[in-house]
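Welcome! Take a moment to turn the structure around on your screen, and then read on.

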Amino acid sequence: AKLLYDTLDKHPQSYRVVTDKSVRSRMNICFRVGGGDAEQEKTFLAGAEKRGLTGLKGHRSVGGIRISNC
């Protein structure tokens with residue numbers, strides 16, 4: 001989880017972690033792409049699927065990206 005958060009935090013112009021650093025989950029890493037732009041997130045998800053990364057779409061009512069780290 002630390003590696004993922006560190007990578008996302010290094011690119012604030014592209015990614016925004018949803019939760020505050022003090023309450024971040026080690027299991028589910030939730031973030032937005034392009035400030036929450038739906039089209040950019042759709043493009044991100046399509047690219048991830050091409051690389052074999054599936055199930056990253058966030059909650060249907062909240063949106064965003066969720067990486068489950070197990």
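Please keep in mind that the model is predicted.

**The sheet**

Let us begin with the strands. There are 4 of them, and together they form an open sheet whose order is β1-β2-β4-β3, with antiparallel pairing. Two strands stand at the edges, β1 (15-17) and β3 (57-59); each has a single partner strand, so one side of each is left without a neighbour in the sheet. On average, neighbouring strands of this sheet are turned by 50° against each other, direction ignored.

What holds strands side by side in general? Strands of a sheet pair through backbone hydrogen bonds, either parallel or antiparallel.

Now look at two of the pairings here. β2 and β4 are joined in the antiparallel sense over 4 bridges. Within this part of the sheet, I29 stands opposite I67 in β4. β3 also pairs with β4 (residues 63-68) in the antiparallel sense, over 2 bridges. You can find both partners by eye: K57 has I65 in β4 as its bridge partner, and H59 has G63 in β4. β3 and β4 form a hairpin, with 3 residues between them.

**The loop of the hairpin**

R60 sits in the loop between β3 and β4. Is R60 buried or exposed? Its relative accessible area is 81%, so R60 is exposed, as the cut-off for that is over 50%.

Helix α2 (residues 38-50) lies across β1, β2, β3 and β4, and runs at about 125° to β2.

**The nonpolar core**

Which residues make up the largest nonpolar core? There are 10 in all: Y5, L8, V17, I29, F31, V33, L45, A48, L56 and I65. The elements α1, β2 and α2 each give two or more residues to this core. β2 gives the most, with 3 residues.

Leaving aside neighbours within four places in sequence, I65 is in contact with I29, C30, F31, V33, E41, F44, L45, L56 and G58.

**A buried arginine**

R32 is found in strand β2. With 16% relative accessibility, R32 counts as buried, because the cut-off is under 20%. The side chain of R32 reaches the backbone oxygen of G36 at 3.5 Å. Beyond neighbours within four places in sequence, the contacts of R32 are S14, Y15, R16, V18, E41, V62, G63 and G64.

**Aromatic rings**

The structure holds 3 aromatic pairs. How is such a pair described? One gives the distance of the centres and the angle of the planes. Here are two of the pairs.

| Pair | Centre to centre | Angle between planes | Kind |
|---|---|---|---|
| Y15 and F44 | 6.1 Å | 75° | edge-to-face |
| F31 and F44 | 5.8 Å | 90° | edge-to-face |

The pair of Y15 and F44 links distant parts of the chain: Y15 belongs to strand β1 and F44 to helix α2, and they are 29 residues apart.

F31 is buried, and its relative accessible area is 2%. Y15, F31 and F44 form one aromatic cluster.

**Putting it together**

Start at F31, a member of the largest nonpolar core, and go on to F44, its partner in an edge-to-face pair. From F44, move to Y15, which forms an edge-to-face pair with F44. Finish at R32, which has Y15 among its contacts.

Terms used
Residues are numbered from 1 along each chain as its sequence is written. This is a predicted model: local features need pLDDT of at least 70, side-chain atom pairs count only at pLDDT 80 or more; totals for chains, interfaces and linings use all residues. Side-chain values use heavy atoms; hydrogens and water are left out. Two strands pair if DSSP finds at least two bridges between them. Axes are lines fitted to C-alpha atoms, for helices over the stretch in contact, and angles run from 0 to 180 degrees between N-to-C directions. Contact means heavy atoms within 4.5 Å. A nonpolar core is a set of buried Ala, Val, Leu, Ile, Met, Phe, Trp, Tyr and Cys residues joined through side-chain atoms within 4.5 Å. Buried means under 20% relative accessible area, exposed over 50%, partly exposed in between (1.4 Å probe, protein chains only). A polar contact is a pair of N or O atoms within 3.5 Å; within protein, one must be able to donate a hydrogen and the other to accept it, and residues adjacent in sequence count only if both atoms are side-chain atoms. Rings of Phe, Tyr and Trp (its six-membered ring) pair if their centres lie within 6.5 Å; planes under 30 degrees apart count as stacked, over 60 as edge-to-face and the rest as tilted.
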